[in-house]
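Open the model in your viewer and keep the selection panel at hand.

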Amino acid sequence: MPILDQEPSKTEGDGDDLPKLPLPNLQDTLDIYLRCVKHLLTKEQFSRTQNIVKQFGVPGGEGELLQRKLVERREKTANWVYDFWLNDMYLNNRLALPVNSSPAMVFPQQNFRLPIDYLRFAAHLLSGVLEYKTLLDAHALPIDYAQGQLAGTPLCMEQYYRLFTSYRLPGPERDTLVAQESTVMPEPEHVIVACKNQFFVLDVVMNFRRLNERDLLTQLDKILKMAENEEERQPPIGLLTSNGRTEWAEARSFLMRESTNRDSLDMIERCLCLVCLDEASGPQLSDTTCAAMMLHGGGAAKNGGNRWYDKPMQFVVGADGCCGVVCEHSPFEGIVLVQCTEYLLKYMTGSPSKLVRAASLSELPAPRRLRWKFLPEIQKLISSSAEKLERLVKNLDMNVHKFYDYGKEFIKKQKMSPDAYVQVALQLAFYRCHGRPVSTYESASIRRFQQGRVDNIRSATPEALAFVKAMTEGKLSSGDTEKMELLQEAINAQTKYTILTITGKAIDNHLLGLREIAQEMKMEKPEIFKDEAYLISNQFILSTSQFPREPPDMFS
């Protein structure tokens with residue numbers, strides 16, 4: 001498997017005809033940086049930061065040297081920040097993937113009356129996945145166009161082509177995003193089905209023919225029966241992938257010592273996706289419990305071991321009707337997941353299942369159970385992974401709340417951006433709870449540019465702080481008219497920063513590039529990146545994102 005080391009490879013729909021990501025002006029970035037951090041610091045901290053930033057930006061100083069190196073890098077590469085950003089955002093991160101990194105979509109709750117019903121649903125879903133994969137293989141997906149601010153601009157499509165062809169390989173210090181792009185190696189023609197913490201190979205192409213829905217149901221039914229054989233059952237090895245990345249890399253190195261394990265790992269790492277047939281998660285099924293089940297599987301005692309978190313797409317089908325998809329985030333952004341799941345939902349509602357009962361076709365060979373050879377070290381690491389996942393589960397407070405009072409149309413009638421409105425509301429809510437502003441992250445797409453991923457909208461603006469203080473500190477002088485004016489100013493500031501970000505002129509990617517190019521040049525880390533203000537401004541107590549739309553009855 002080739003490795004996505006520096007930049008993603010070029011495929012049709014990459015957006016080669018799109019402009020390159022701009023490199024912001026150094027002084028502009030430094031000025032915006034000071035404005036973004038001033039109200040988050042004490043006067044003494046800000047005074048010190050001002051001096052450090054001024055020194056960094058002096059003519060002929062280290063800032064200008066690093067900027068010139070980034071200019072050279074931009075000329076030589078399709079996207080000057082891509083590999084810096086991918087490593088910093090994902091691959092260098094040592095935290096466990098569940099809860100911390102992997103997003104999920106929850107499907108509409110299903111009502112499965114009989115055990116076979118949930119296998120029918122899984123077969124129908126998998127049939128839709130294979131249809132979508134066919135569209136991708138033919139490069140037949142329509143181009144996405146920007147929505148919201150500066151709507152109508154064509155967007156880079158290259159993220160879609162990693163949905164079913166990539167894998168996050170754990171490393172002791174940094175993970176690797178691996179892509180199945182070789183013309184020598186055959187395209188993967190199997191999915192992995194997880195059932196009762198066991199893993200099975202389901203070939204979806206046999207004799208050059210894609211399995212139809214009836215065949216898929218037949219094979220899933222066989223897998224369920226095989227998984228129920230307790231004599232064949234092996235320890236829940238999937239739990240290892242829920243551990244911290246360094247710990248999982250160590251465990252994987254132990255597994256790789258045995259050829260049986262190497263073969264099983266290869267089958268998982270090269271599969272199209274996973275289908276996780278989950279057991280019922282408990283008596284109380286709600287949006288909140290379903291969301292938690294997607295994020296962490298309920299821990300080792302429930303379905304936490306019925307996952308392989310390194311794989312980008314894991315479709316979860318619970319016997320109790322709790323269904324959805326959990327993703328490894330490094331290959332693509334959330335909107336790609338939303339578009340894919342929207343297609344699947346339309347496929348499943350628009351093309352009724354062609355099944356009445358499971359077909360017993362004797363010519364289909366039985367799916368293969370993946371075998372593992374367990375060393376004593378692996379048994380210990382599985383136990384350790386189970387304990388850590390349990391701590392993650394207990395440490396997560398979650399409540400899914402659906403707000404019905406009004407929606408984006410009401411906000412638009414007030415001549416306000418719905419996204420900016422919600423961001424200012426979040427600032428107000430946090431300030432009411434904690435009495436202070438905090439550095440806030442809101443992801444914004446930069447797919448208007450070649451190989452664009454995201455940059456950060458810094459939503460904790462001075463204008464938002466002025467508004468929340470007027471709302472919370474009870475000054476009699478702040479009447480409703482003044483509060484409305486402050487709200488409008490806060491929304492305008494948020495909208496202005498959003499436009500700055502989506503047009504490639506925000507500060508976070510630029511500062512990251514300056515920091516990383518200094519390290520690449522083996523320079524001593526510049527003082528601006530050791531300063532307390534930089535650490536505070538990059539500790540995002542509030543981390544947020546939003547989608548222009550989500551499919552009906554689904555949420556993420």
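Select residues 26-37, helix α1, and residues 508-520, helix α16. The two pack at an angle of about 115°, with their axes 10 Å apart. Axes are lines fitted to C-alpha atoms over the stretch in contact, and angles run from 0 to 180 degrees between N-to-C directions. Helices are DSSP runs (H or I, at least four residues) and strands are too (E, at least two), numbered from the N terminus. α1 and α16 are therefore roughly perpendicular, a label for angles of 65 to 115 degrees.

Now show side chains. Leu-26, Thr-29 and Tyr-33 of α1 meet His-510, Leu-511 and Leu-514 of α16. Contact means heavy atoms within 4.5 Å.

This is a predicted model: local features need pLDDT of at least 70, side-chain atom pairs count only at pLDDT 80 or more, and totals for chains, interfaces and linings use all residues. Residues are numbered from 1 along each chain as its sequence is written, and side-chain values use heavy atoms, leaving out hydrogens and water.

Next, select residues 82-91, helix α4. Is α4 largely enclosed or open? It is largely enclosed by the rest of the structure, because 8 of its 10 residues are buried (under 20% relative accessible area, 1.4 Å probe, protein chains only). Among them are Phe-84, Trp-85 and Leu-86. Their cover includes α3 (62-76), β2 (166-169) and α16.

Last, colour by pLDDT, the predictor's confidence in each residue, from 0 to 100. The protein averages 92. Over residues 1-12 the pLDDT stays under 50. Over residues 356-361 it is also below 50.

Methods
Angles under 35 degrees count as roughly parallel, over 145 as roughly antiparallel, 65 to 115 as roughly perpendicular and the rest as oblique. Buried means under 20% relative accessible area, exposed over 50%, partly exposed in between (1.4 Å probe, protein chains only).
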